Structure formats: C-alpha cells, structure tokens
Amino acid sequence: MSVSDVTTTSLSRRTFLTATSSLLALGAAGSLLPGSVGSAFAADGTKEVLGGSHWGAFWATVEDGRFTKIRPWEGDYHPSEQLPGVQDIVYNAARIRYPMVRRAYLEKGPQAERDSRGDGDFVRVTWDQALDLVAGEIMRLEDEEGPWALYAGSYGWRSSGKIGNPQVMLKRMMNMAGGAVTSSSNYSKAALEGIMPYVLGSIDAAGPQTSYQSVVENTELIVFWASDPYKTNQIAFALPDHEEYKWFEDMKKAGIKSVFINPVQIESCKSLGGEWVPVRPHSDVALALGLCHVLLTEDLYDKDFINDYTYGFDEFAAYLKGDGWDKVEKTPEWAAELTEVSADDIRALARRLVNGRTMLVSGWSTQRMQYGEQWPWVFVTLAAMVGQVGLPGGGFCQNYHLYSQGSPSSDAPSLAPGLSTGTRQEKKEWPAEKGAKIIPVARIVDMLEGPGKPYEHNGETHVYPDVKMTYWVGGNPFHHHQDRNRMRKAWKKFETVVVQDFQWTSSARFADIVLPATTTAERDEIEQVGTVSKRAYVAMKKIVDPVFESRTDYAIFSDLADRLGFGQAFTAGKSELDMVRETYEQAKSTADSQGKVSMPDFNTFWEKGIVEFEIPEKNLRRVKYAEFREDPLMNMLPTPTGKIEIFSKTIEKFGYDDCPPHASWLEPVEWLGMKDKTYPLHLNSNHPDYRMHSQLNATVVRELYAVADREPCVINTQDAAERGISDGDVVRVFNGRGQILAGAVVSDDIRPGVLQVQEGGWYDPLDNSDPNTLCKYGDPNVLTIDIGSSRLAQATSAHTCMVDVEKFEGDVPEVDVFTAPAGAE
C-alpha cells in the first residue's frame with residue numbers, strides 16, 4: 001500500500017462536519033439502516049463491519065480494503081460526534097508508519113546524547129533491527145543492573161477491547177524477563193483512591209452506583225459538585241452505552257431540582273436548567289465545611305445516622321466549632337470569605353439538603369489538587385450528616401460522570417481480559433536499597449530526579465529506584481504528567497526510551513525507539529457495551545489489514561518474547577482470535593451455569609457480530625449502601641470500626657501534617673485566595689469536550705473546537721476586556737513553569753479569575769533546546785504544578801495552578817505536532 005493510497009482516505013473537513021451533523025439522526029433512525037450482521041456486503045462489493053471504540057460501537061464501511069465511512073451502531077442512545085476521529089486515526093498524517101530509531105541512539109545506543117530527543121531526527125529501520133535493539137537492552141539491563149533499572153509503568157487509556165491491552169502484555173513480558181519497576185493508581189482519582197479505603201473501606205467510586213431509575217423516582221434535589229456527566233459519559237473503557245443522556249432527559253421530565261457547584265457553567269447545568277453556584281476553585285472543602293457547620297449548629301443533621309453508621313463525629317464537630325487542631329470555627333461567614341459564595345446562600349443550601357430526598361454527586365477534579373484527599377472525605381462526611389445514605393434516590397455518588405455507572409445491569413457476565421500479567425519471575429534478589437518495585441504513577445519525575453531518595457506513601461517509607469530504561473505502551477506520558485519543562489529535563493535520565501503507539505504523540509517524539517502499533521480497527525477484538533449495563537457483546541472484527549508496517553501489540557510482544565527466550569510461555573500458542581474465542585466461551589459457560597441469559601455459540605456470535613441482553617425489571621432500582629443502612633451490624637463496611645469513619649485513627653497514627661485524621665481545610669500553595677499573587681488567574685485544565693484526554697487530538701475532530709488552529713482558552717468577559725483580548729485571538733498563557741499559546745474564547749460561562757484550557761492538547765515545543773520554550777499548540781501541563789497531593793496518596797495536584805494571560809503579539813508560529821516528524825512521513 002502506498003502513502004497516497006492511505007492518506008487520500010483521511011476525512012476532509014467538509015466530509016467530517018457533514019458526518020458529525022448526521023450522527024444523532026443516524027442513532028435515532030438506526031433501525032432503518034442495513035447491517036444486522038457482523039459483516040454485511042453490498043451489491044457493489046463494499047461491506048460494513050461492526051466495530052467498537054471508547055466513543056461507542058459503530059459500523060465501518062470498507063471499500064477496496066479501505067475504511068471509508070463510519071456510522072454509529074443503531075443501539076447507541078446518544079452517538080458521539082467524535083466517531084469520525086476513530087476512522088481518521090487509521091490513515092491521518094500523524095500515523096506511525098514504520099519502526100523508527102532516533103539517529104543518535106542508532107549510532108551510539110544508550111550512550112547517545114539525549115538533548116536531541118523531541119527534535120524528530122529519526123531513521124527508519126526494519127522490524128528485526130528495532131526488536132533486536134529493544135530485546136538487547138532489556139537483557140543487558142536485567143543482567144548488568146537488575147529489574148530495578150527498567151520502568152514498565154505504562155499508563156493510559158489504550159485502545160478498546162478485552163484482548164489487546166498492551167499494558168498487560170508489557171507487564172507480562174517484563175515479569176517473564178525478570179521483573180521491572182511498575183506504577184500504582186492513576187492520574188484520575190488517586191487522592192480519592194488513597195483516602196476512601198480509610199473512610200468507607202473501599203474506593204467507592206468504582207463499580208455500579210445507585211441506579212438512574214432510583215434517582216428519577218425518588219430524588220427531589222440533586223447537587224452536582226464539580227461533576228459534568230453530560231460531557232464525560234461520551235467515553236468509556238468498554239463501549240459506552242450513553243444511558244446517562246436518557247437519565248438527564250428523565251430527570252428533567254420528573255422536575256428534579258438541580259444545583260451545579262462549579263467555576264464553569266457547564267452543559268450539564270444548562271441541559272437541566274440547573275442553578276449555577278460559581279464557587280472559587282480550590283475552596284470546595286471550605287464550602288462543604290460551611291454547610292456541615294450549618295447542619296450542626298442549626299441542629300439539622302441526622303443524629304441517628306451519625307450515631308448508628310459513623311465513627312468519630314465528635315472530633316469533627318469540635319473542629320467545625322473551632323475546638324479542633326486549627327482553632328478556627330468553620331462558620332458560613334468563614335466559608336464565604338474563602339469561596340465567594342455568600343453566607344446566606346450557604347445557609348440556604350444546607351437547609352435544602354435536608355428538606356427532602358437529596359442526592360449529592362461529586363466529580364474527581366476537586367481531588368486532583370494539593371491536599372486532594374480532603375475533598376472526598378468531607379463530601380462523604382457531609383452526606384453522612386444529611387443522613388440519606390442507602391435510601392432510594394438519596395445519599396452520595398462519586399462516579400456518575402464516567403461509564404454510566406447508574407445504568408441498570410443485564411444478567412450477562414462481564415467479559416474477562418484475554419491475558420494476565422503473570423507472576424514476577426525475578427532472576428536477581430531485589431534488595432530494599434535498590435528501591436521500590438512499585439511507585440505512585442504521578443511521581444515518575446520525582447523518581448527520575450531522586451534515585452535513592454526516600455519518600456512516604458500511604459503510611460510507609462520507600463526509596464526511589466534508579467531506572468535506566470522505560471517502555472511505554474497504550475498511553476501518552478507527555479500528555480498526562482504535570483510541569484512539562486521539569487519533565488523534559490528529567491526524561492533525559494533515561495538511557496533508553498521505547499514507545500509503542502499508532503500515532504506520533506509527543507511521547508513518541510521524545511523516544512529513542514518507536515514501534516508502530518495497529519489501531520483497534522486493524523485487529524480482532526471483543527468488548528461489551530456498557531461497563532455496568534452489559535447490554536451487549538460486540539465482535540470487533542478486523543476492519544482493515546494493518547496499514548504500512550504496523551503490527552498488533554500482541555504480535556510485537558510475541559516477537560520480543562521470542563527474542564527474550566520465552567515466546568511459547570508468553571503466547572501459550574494462542575492467536576488473538578483464539579483469545580477472543582476463549583473470552584467469549586468463558587462468559588457463555590458462566591451464563592449457561594447461571595441460567596439467566598442465553599448466548600449463541602462463538603461461531604454464530606462471530607458471524608452475526610453482536611449478542612444483546614435484556615435488562616430485567618428487578619435490576620432497575622439499585623440503591624448503593626442499602627444493605628448497610630438496613631443492618632449496619634450484619635453488613636458492616638470493611639473499615640476498622642465497620643462504619644463510615646469521619647475520623648480515622650489509622651491516619652492519625654501516620655502523623656501526616658498534610659493529611660489530618662478527619663476532613664480539614666488546608667490552604668494550597670497556589671490559589672485565588674492567596675494574598676500575594678504573581679499570577680492572578682486560576683487555570684482550570686478540564687476534561688476535553690471532544691476527545692478522550694489526548695486521544696483524537698490529531699484527527700479531524702479538532703475541527704469541532706480548535707480556535708486559531710490551537711487549543712481553546714476560555715476566559716471571562718471581564719478578564720478578557722482588562723487585557724484587550726477578543727474572541728479568536730491567539731493568547732499566551734504563562735507562569736513561572738512555562739508558557740503556551742491558545743485560542744481565546746471569551747465567555748460569561750466561566751467565573752472571573754478563572755481561565756480554562758482543556759487537558760490533552762498535544763505538546764508542541766517551539767525550540768526544544770530552550771528550557772522554557774513556548775508550546776505552540778496549548779498543552780496546559782506545561783503550566784501545572786508537579787507535587788504530590790499529600791504523603792498519603794501522592795496523587796497529582798494538577799488543578800493547583802495559577803497563571804496569567806495576554807494577547808500574543810508578533811508572528812504566530814505554525815502548529816506542526818499533528819504530522820509525522822521529518823523523515824518519518
């Protein structure tokens with residue numbers, strides 16, 4: 001296949017905009033369209049293949065072996081406008097086409113200079129050359145150093161499917177090779193994951209939540225606190241069912257009152273006609289404490305629930321009244337000064353919370369801050385004081401914004417992954433002084449800067465290992481990590497960087513060896529529709545053959561395993577289609593034994609392309625924590641006391657001044673309430689409207705949101721006027737850590753003092769030799785701070801960030817990050 005054969009298949013702007021404008025109509029009229037089997041052939045020789053993605057299931061049209069059109073699966077309730085990007089990634093200009101090696105590394109190996117990483121000076125090599133280099137370096141470091149010298153902490157959303165998870169494959173391979181340093185938790189909710197096991201005995205934000213039907217039938221007031229389900233439920237690890245959108249329609253019909261606490265008036269708020277409370281960023285804990293103070297001092301809190309279902313309330317109550325560790329009473333007036341929400345409004349909202357059935361809903365951005373552990377703790381504490389936990393339509397939810405967790409479930413079993421990471425087979429003893437085997441994922445730069453340095457995490461002290469090589473698959477660290485300039489400098493510590501991907505992300509550009517992987521459209525897969533609902537299984541057949549010299553992740557790791565001497569053990573002689581079959585047949589065996597759902601044999605399923613499941617009436621009205629409320633002794637929570645721990649003796653023993661033993665207000669190092677502000681605006685690096693983190697940024701979907709060919713920067717009308725900024729201007733956003741260009745969007749939907757640049761924009765440095773170079777496109781993590789949330793979780797603090805903005809003067813540099821580097825076209 002020639003270059004022209006592929007690139008001419010990319011979507012034009014006109015084709016893309018026409019396609020996206022038709023998606024919703026197609027979803028509504030899907031039953032009228034052809035395509036009832038997995039591969040439907042038309043009279044002219046074209047065919048339609050059912051596929052899937054993080055944005056939903058879809059039908060792919062294939063003409064002459066090329067993926068030419070895409071339309072949503074007719075069972076998708078709310079098709080995503082982003083689907084055309086799923087087609088575009090197969091062929092667009094950012095596609096990695098061949099194995100590539102950085103020129104300096106090809107000449108000198110791990111002894112090569114590292115300053116030219118990111119400059120794009122790559123040389124095309126054969127697959128044998130590339131794989132020999134990778135395998136040779138793994139064996140050298142395992143033998144000469146030890147497993148602590150290799151970092152296999154790959155993290156990210158990867159591609160859809162149960163079989164082709166490259167992160168699992170990488171860890172499986174490294175475990176068989178002798179081990180490697182890996183990572184724990186995530187950038188999404190690590191502070192929540194750190195604190196909730198001490199408060200509720202579980203992460204809580206994972207798995208099914210109180211069902212939508214329970215809310216629609218029982219809730220009178222719903223409070224969305226830094227949560228935007230209307231936007232973020234476009235995506236899912238499984239194929240999204242998009243049931244959240246029907247829920248919003250049903251809530252509106254039911255007349256449920258809604259309040260949205262957020263510095264931005266979001267689409268979720270507008271769709272429900274909700275009340276907008278434009279809270280000052282980083283003051284959410286203070287607002288919640290003020291609400292708790294009202295419930296306490298006005299004797300509105302549920303004493304019976306507190307007495308029967310919680311532990312440690314007296315210590316927290318003393319803190320609210322000013323008798324705690326900081327000797328400050330958390331009155332509404334105190335909270336009003338910090339939050340810029342009036343004391344009267346705080347009192348009124350507190351009273352509304354207990355004047356009927358209330359559901360409190362939290363997103364995760366409020367815990368992606370310094371001291372982020374305090375937010376989920378105070379949120380649960382507030383819900384406990386309201387006292388409706390475990391009641392239909394009441395209590396709290398920390399995950400309605402992702403995976404449609406309120407969807408009712410079918411009785412089908414969940415699909416199991418095709419591979420496991422296996423058991424670590426260390427060939428050398430791993431002495432404690434060589435460092436931790438697992439580090440918190442958000443502390444990778446700390447590890448690179450401080451090998452041998454001790455750090456505290458979750459009540460224990462560890463040592464950072466001295467890593468020399470990293471292998472990254474299924475993610476984009478030059479998107480999700482903070483303080484990009486600090487990261488660029490630390491990245492030079494690696495002697496060898498391997499990136500395996502299908503697009504020239506910024507991470508690939510800062511690699512030594514780049515391996516071209518396939519997209520999901522170029523391999524066989526299987527996935528379920530609905531993380532919770534399990535409405536269907538989709539046979540994600542290969543839509544087209546791999547383009548250029550790309551290979552599936554499984555093929556790449558199988559070849560590497562052969563070179564490392566354990567090829568047969570790695571694959572067990574199975575192909576990807578063998579694993580698809582096994583995964584399906586395992587689910588069918590479970591279904592058969594349970595007798596709740598009927599499934600066809602694999603061949604029938606694979607031919608048809610889909611098996612759908614009914615949602616039983618009995619599953620519509622799930623209530624989280626109902627059993628706990630019904631009998632707190634027989635259904636104790638897995639905490640030391642069996643109750644909701646408002647005060648934690650375990651955390652008290654840790655002695656952390658950055659994570660007290662109950663929810664507390666701790667002033668961050670950067671925020672709008674600072675007395676001395678070098679940079680006067682808070683940066684809100686929110687989840688993108690039209691992509692999944694950095695995925696699809698290098699596709700035609702960018703046409704939906706780019707301003708002046710750059711990431712949009714939303715600025716309040718007043719703040720823009722003070723700086724002479726108009727809609728569509730190119731602006732420079734900056735602070736002491738870095739600077740970026742973006743396209744101005746002037747709006748009253750963002751409160752004064754707050755600037756918004758969506759996370760996930762691809763990093764595009766103007767001059768790689770400049771330690772403070774300008775990012776030409778608009779990666780907000782050039783600006784964000786890289787500190788741990790606290791010693792407990794060591795999570796990201798990305799939302800603790802102050803900046804300034806000005807209209808950019810002079811020649812505007814061209815964005816070129818969305819095409820392949822020179823020599824790699």
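**Notebook: strands, cores and rings**

I started at one strand pair: Lys47 stands opposite Val62 in S3. Strands here are DSSP runs (E, at least two residues), helices are runs of H or I (at least four), and both are numbered from the N terminus. The model is predicted, so I noted that local features need pLDDT of at least 70 and side-chain atom pairs pLDDT 80 or more, while totals for chains, interfaces and linings use all residues. Residues are numbered from 1 along each chain as its sequence is written, and side-chain values use heavy atoms, without hydrogens and water.

**Strands S2 and S3**

I checked how S2 meets strand S3 (residues 56-63): seven bridges join the two, and they run antiparallel. Strands count as paired if DSSP finds at least two bridges between them. S2 and S3 make a hairpin, with two residues between them. Is S2 enclosed or open? Six of the seven residues of strand S2 (residues 47-53) are buried, so the rest of the structure largely encloses S2. Buried means under 20% relative accessible area, exposed over 50%, partly exposed in between (1.4 Å probe, protein chains only).

**A sheet of six strands**

Next I followed an open sheet of six strands in the order S6-S5-S20-S19-S18-S7. Its pairing is mixed. Strand S6 (122-124) and S7 are the edge strands, and each pairs on one side only. I looked at one pair in it: strand S5 (residues 100-102) and S6 are antiparallel, over three bridges. There, Val101 stands opposite Val123 in S6.

**Nonpolar cores**

I then looked for cores (buried Ala, Val, Leu, Ile, Met, Phe, Trp, Tyr and Cys joined through side-chain atoms within 4.5 Å). The largest nonpolar core has 160 residues. Phe67, Phe316 and Trp491 have the most contacts inside it. What does Phe316 touch? Leaving out residues up to four places away in sequence, I listed Leu289, Cys292, Thr381, Met385, Ile646, His662 and Ala663 (contact: heavy atoms within 4.5 Å). A second, separate core has 55 residues, including Ile138 and Leu515.

**Aromatic rings**

How many aromatic pairs does the structure hold? It holds 49. Rings pair if their centres lie within 6.5 Å; planes under 30 degrees apart are stacked, over 60 edge-to-face, the rest tilted. I picked two pairs.

The ring centres of Tyr155 and Tyr187 are 5.3 Å apart and the planes stand at 50°, so this pair is tilted. The pair links distant parts of the chain, 32 residues apart. Tyr155 is in the loop between strand S7 (150-151) and helix H6 (166-177). Tyr187 is in the loop between strand S8 (182-184) and helix H7 (190-199). Both Tyr155 and Tyr187 are buried.

Phe379 and Phe396 have ring centres 6.2 Å apart and planes at 90°, so I wrote down edge-to-face. Phe379 is in helix H17 (residues 374-386) and Phe396 in strand S14 (residues 395-397), 17 residues apart. Phe379 counts as buried because its relative accessibility is 1%. Phe396 is at 5%, so it counts as buried too.

I also found one aromatic cluster, with Tyr212, Trp247 and Tyr400 among its members.

**Two positive phi values**

Last, I looked up backbone angles. Asn458 is not a glycine, yet has a positive phi of about 55°. Asn458 is in the loop between strand S16 (454-457) and strand S17 (460-463). With a relative accessible area of 34%, Asn458 is partly exposed. Ala708 also has a positive phi, near 55°. Ala708 lies in the loop between strand S25 (681-684) and strand S26 (712-716). Its relative accessible area is 37%, so Ala708 is partly exposed.

Key
Rings of Phe, Tyr and Trp (its six-membered ring) pair if their centres lie within 6.5 Å; planes under 30 degrees apart count as stacked, over 60 as edge-to-face and the rest as tilted.
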